[in-house]
Amino acid sequence: MISRHRRAVGVVLALHAAAAVAGLAPPWLLGTIVDRVTVGATVATVDRLALAIAGCVLVSALLSRYAQYAGHRFGERAIAELREEFVSRTLGLPVSVVERAGSGDLATRSSVDVSTVGTTVRDVVPTIVISSVQLTLLFGAIFLLHPLLGLAALAGLPSIVAAARWYLRRASPAYLTEGAAAAELTETLTTTAAGARTVEALRLTDDRIRHCTDRITRLWQARRATLRLRTVFFSVVEASYPLPIALVLLVGGHLLSRDQVTLGAVVAAALYLQRAIDPMDRMLQWTEQAQRGFASYARVLGVGMVPPEPPGRAATSRGEQVVVRGARFSYSGGPDVLHGIDLEVQPGERLAVVGPSGAGKSTLARLLAGIDAPRHGVVSIGGCPVTDLDPAERRRRIALVTQEHHVFIGSVRDNLAFAAPDASDEQMRAALGTVGARWCAALPDGLDTQLGDGARQLGAAEAQQLALARLVLADPHTLILDEATAALDPSTARRTERALAAVLVGRTVIAIAHRLNTAHDADRVAVLAEGRITEIGSHDDLVAADGAYSALWRSWHSRADERPR
């Protein structure tokens, strides 16, 4: 970051260095006043030296002010770049990696950690560098007054260096642990708040409170550990400050009695040491903050160390046929959730995948969309493995719409433009009409109506229709609908599915269905149970076979008949 802003950093360092040099003059001038008064100087001489001290203080203050201003400008520019790079790196990651990381971890890295790095770049690094320069100049000035005074001034450094080494060996892992604990707490609070209704419905309130309390306890313990390190470190440092001043006065008195130094030199040396406490304090205090900053920087840079989504070994496929051969898949080294799936979907065919909850339907959808790769076997389109396609080409040809949906902060037009940046207003309105989003016609500002926090809030059904409208605009050849109408009420869902049916003609559609009317309308139905395809065929054939699908159909149909009209 510094190398990209060499000129700005050079200006900051030059201004701080000039301010430090100007700050060396007042103690020396004060020592000169003492010596001049001792030999009988006039009031006019003292006044001239006092004015020189005031001038040096003013110059030092002005230089410090502009140095801080330049440092903050550099810091804000650098952090803006870091935040943009973080978002760019995150967007370049495979979707599966981002999902496994969790929203709480990413939110902590992009907000708390980036902000901490900002403080480090803007304040900590310049402060440590400039304080080091100031200390070097101050101790150098004492050595120039007399070498023995300089040696006496170094008396407190051994204990400070020892405490700093002890602290630095332990601080980085402690702050990394604290950062991880903060991320876990954020994730827990975020997910609990998002699922508050579910928590209440399932009477999990006490369980979530215990879970949150456990995460708070972990963070509290991690912060106690870092506080313990700071307590020891700063106690030793503060106790080391009086020793060199006392020793300089003792040595100075001895040298003064032998006429080897003047009284003004001893006063100046003591004042230089007194002035050294402030940069020493700032440097050591910011060293503690630097450990936080470097730990946060490691977490921010860690996102960039994850391999990005591979570009793909094939630019395009030779056809549209979807083939799954012997596909097995497991999450994070766990047991297989799909066991040797074999499936062929012809171009333009509509296939419905049904089965009980936990059968592996959504996992199969992720494999078909190329989000995850099978542990064994292959998932291909047009003879090319899906994961070998270039990501941009894969997303152009295959679209996955799940029951999870997101409304981005911005206008309705902004939300739709993600799918088709060049789409006209007429095309956007037509897409909304296709999915039955009649509510859009009543919006006060039409497509310019703002959505999200502080603006128009969409309900679950409206948000899902917006996601389906994106799908219409994206116009892919192969569509994977993973319970895409789950948030809609049955009548709205049926109308939306009928409206989509006209748009989906000629496209390959693989629908993960929980409402079996979707299966009834499909060309073929695949029944998934315990990670295996147990039946496949047309709706009528499977009902006639009197197997698992027939039982599902009868059960669902009887419940549908019992629903109030």
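What follows is a chat about a few local features of this predicted model.

Biologist: Let's start with the aromatic rings. How many aromatic pairs are there?

Modeller: The count comes to 4 aromatic pairs. One of them is Phe-329 with Tyr-331, with ring centres 4.8 Å apart.

Biologist: Why is that pair edge-to-face?

Modeller: Because the planes of Phe-329 and Tyr-331 stand at 90 degrees, and anything over 60 counts as edge-to-face.

Biologist: And Phe-329, buried or exposed?

Modeller: Phe-329 is buried, at 7% relative accessibility.

Biologist: Okay, what about Phe-408 and Phe-418?

Modeller: Those two form a tilted pair, 4.4 Å from centre to centre with 40 degrees between the planes.

Biologist: Where do Phe-408 and Phe-418 sit in the chain?

Modeller: Both are in loops. Phe-408 is between strand E6 (398-402) and strand E7 (410-411), while Phe-418 is between helix H13 (412-417) and helix H14 (425-434). They are 10 residues apart, and the pair links distant parts of the chain. As for accessibility, Phe-408 is partly exposed at 33%, and Phe-418 counts as exposed at 54%.

Biologist: Which residues make up an aromatic cluster?

Modeller: Tyr-167, Phe-233 and Phe-234 form one.

Biologist: Switching to charges: what sits over the ring of Tyr-66?

Modeller: That's the charged end of Arg-65, 5.1 Å from the ring centre.

Biologist: Now the backbone. What's the phi of Glu-530?

Modeller: Near 50 degrees, which is a positive value in a residue other than glycine. Glu-530 lies in the loop between strand E11 (524-529) and strand E12 (532-537).

Biologist: Why does Glu-530 count as exposed?

Modeller: Because its relative accessibility is 64%, and the cut-off for exposed is over 50%.

Biologist: What about Asp-546?

Modeller: Asp-546 isn't a glycine either, yet it has a positive phi of about 55 degrees. You'll find Asp-546 in the loop between helix H18 (539-545) and helix H19 (548-562). At 53% relative accessibility, Asp-546 counts as exposed.

Biologist: One more aspartate, then. Where is Asp-47?

Modeller: Asp-47 is in helix H2, which covers residues 43-91. With a relative accessible area of 42%, Asp-47 is partly exposed.

Definitions and conventions:
Residues are numbered from 1 along each chain as its sequence is written. This is a predicted model: local features need pLDDT of at least 70, side-chain atom pairs count only at pLDDT 80 or more; totals for chains, interfaces and linings use all residues. Side-chain values use heavy atoms; hydrogens and water are left out. Helices (H or I, at least four residues) and strands (E, at least two) are DSSP runs, numbered from the N terminus. Buried means under 20% relative accessible area, exposed over 50%, partly exposed in between (1.4 Å probe, protein chains only). Rings of Phe, Tyr and Trp (its six-membered ring) pair if their centres lie within 6.5 Å; planes under 30 degrees apart count as stacked, over 60 as edge-to-face and the rest as tilted. A charge sits over a ring if NZ of Lys or CZ of Arg is within 6 Å of the ring centre and within 35 degrees of the ring normal.
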